[in-house]
Every structure is written in C-alpha cells, then in structure tokens.
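Have the model open while you read.

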Amino acid sequence: MSYLIKPKNYNPLLDLKQTELGIKQIKEFFQLNLSSELRLRRVTAPLFVLKGMGINDDLNGIERPVSFPIKDLGDAQAEVVHSLAKWKRLTLADYCIEPGYGIYTDMNAIRSDEELGNLHSLYVDQWDWERVITNEDRNVNFLKEIVNRIYAAMIRTEYMVYEMYPQIKPCLPQKLHFIHSEELRQLYPDLEPKCREHAICKKYGAVFIIGIGCKLSDGKKHDGRAPDYDDYTTKGLNDLPGLNGDLLLWDDVLQRSIELSSMGIRVDKEALQRQLKEENEEKRLELYFHKRLMNDTLPLSIGGGIGQSRLCMFYLRKAHIGEIQASIWPEDMRKECEELEIHLI
C-alpha cells in the first residue's frame, strides 16, 4: 500500500528552478568526491541483464523484476536490474582492477513492487560502486574506514549546498555513529526495527548499522539481505556477525530516519556457501555468477549503493522524493501533495 508522510507547516525552501540546479550541482559534486575518496573510475552500466544467470540483485528475495522477451534471442527473457551488486564484481574482474581501486556507475532501476511514498518510488537511481580488496581487508575496521570516507564526501557536499543556498543550514554531525543491529535491538528491545532506526538516528543524527541480514538473538533479522553479495555472517563488530550495514540520517523535515546507503564487504567462497545454506538457496551455486565466485575468477570486494534522489532530497530539505525525480504516483497522493505545497515533478 502507498503511504504519505505529511510534515506540519511544510514550506519548500527552493523553487523549481533552484531545485533543478541544486540536483545538478549535488550529483556532480558528490560523485567527484566519492570517486576521489575511494579511488573509483566511472564505468557504463546495463539497464537490464539476462534472466537465469544470477547477476540481478534479489533484494529481499520477494520483489519481482520487470522482465521482457528479446526477439532476436529467441524470446529469451531480460530483467531490468534491481541493483548492480553482482554485476559490479564481474566488471572488476573484466577490467582487471587492482586492490585499492574500484569502479562506480549511475544505476537506474525499476522496482515495481515498491510501496510508493515520500521515500519510495518505482524508479531507483543510485551511485553503485565496488572496490577490490585483499583478504586482510575483510574485517570490520576496514568496513568502518570506507564508510567514514563516504560520510566525509557527504559532509563536504552539505557545505557546498550551504554555499549555494544559505537558507539551507548544515545539520550533519561531524562524526558518524556505528552500532551493530544486535546492540540496537538490546538498546530498544520493545521497538520494531524501523522504529529502532528512527530512535537511534534522532539521537545521533547519522548512524551506520552493522550486520543487516544476520539473525539476531531473538531469532529475527533487522532487515533482509540477499545471501549472495553482502557478508552478514562473518564475525565483526564486538564479535557479532556481519561485515555490512546501512547508513542512515535523521531527516528533520519528515521527522524520521532515512536510509541513504546499503553496503558491505562481499561474500567470499566460505561465506557464500554458509549463507546460501542458511537460506536453503544452495541451488544458486549452479548459476553463472556463483560459479565464477566458487572458481576464484572474481576478486574479493567491498561495495554498495548510494541513493541519488534521496541524497538530493535530504540536502535540499524536500518532503517527497517526487520533488527530485519524475515518476508515477497514485492520483490521490498527487492531490494531497498539491494541497501540502509538495510539488511533485
């Protein structure tokens, strides 16, 4: 079901022209800083991939990819990507990228099963990035170092926006708070996972939650992850499982946390087998991507995605992602947004 968060007394700080200019400047500035911080080169990415090769991202395992037949390939099915988590690792191998360097790309996707609202659209645009690492890098301290580099680029971008539009005051804390999803559960045992995120983000402003996808002590997961890209079972922070996580910020307009990035150290052979077994998905080992990983023809890597529209939405103090990107929305939502001075593109 679609949803609409209605902020009280919402008043856009920028008009349509200022917003479009801000989007352009943020995207150009941030990706330059991201590529510099992580030593990434830009590559061209696909909008769709062939079905049945294990390359498309399965997200939580229940989302249906948009698919279509290809006439010149005997009606073989192609799928519009959900993200490029696995494709990027194949590309690192194809480009022979050395440890310490990586790639980034503009990822455009369609997620037809999204519940549409202020933070969720059918159209997904993000910077997808991936970097080659060594076996010695597969630890939580290295993960935190990379996350802090990304956050440093976010801090610089916020200041650039303030220089452009002085009415938008910087609000990000200088230091990012790290916490494991199990520690977060113990901190707020009576709250559901999303409510825990809101509580911790309101307290610290910017938080990275480690161990997304691993089972917590109550037998549940904080949130789902596909078992074949992020490593969420290898021990990390405070001897708890997980070398991955989500980066969240407190959004003062919506009065809630928003997820800006999902990322992590990727599975090696052992973690892949372990996680597929846990999810009863061992049949995936017969797919192209998984065979490449098991045959040692893919590098060890760390990677993730950073939402472009959400980042712009946060920096420009917008109440709805539809103020940043053109998409399709329920007609009643459009009418309500118009009454609330939320101008959907």
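## The sheet

What order do the three strands of the open sheet have? The order is β2-β4-β3, and the pairing is antiparallel. Strands here are DSSP E runs of at least two residues, helices are H or I runs of at least four, and both are numbered from the N terminus. Two strands pair if DSSP finds at least two bridges between them.

β2 (48-50) and β3 (67-70) sit at the edges with a single partner strand each, so one side of each has no neighbour in the sheet. From one strand to the next, the twist averages 35 degrees. Between β2 and β4 (residues 76-80) there are three bridges, in the antiparallel sense. Look for Val49, which stands opposite Glu79 in β4.

## Two crossing helices

Now for α3 (residues 140-164) and α8 (residues 308-315): their axes come within 10 Å and cross at roughly 50 degrees. Axes are lines fitted to C-alpha atoms, for helices over the stretch in contact, with angles from 0 to 180 degrees between N-to-C directions. That makes α3 oblique to α8, oblique being whatever is left after under 35 degrees (roughly parallel), over 145 (roughly antiparallel) and 65 to 115 (roughly perpendicular).

On the α3 side, Met154, Thr157, Glu158 and Val161 meet Leu311, Phe314 and Tyr315 of α8 (contact means heavy atoms within 4.5 Å).

## About the model

This is a predicted model, where local features need pLDDT of at least 70, side-chain atom pairs count only at pLDDT 80 or more, and totals for chains, interfaces and linings use all residues. Residues are numbered from 1 along each chain as its sequence is written, and side-chain values use heavy atoms, leaving out hydrogens and water.
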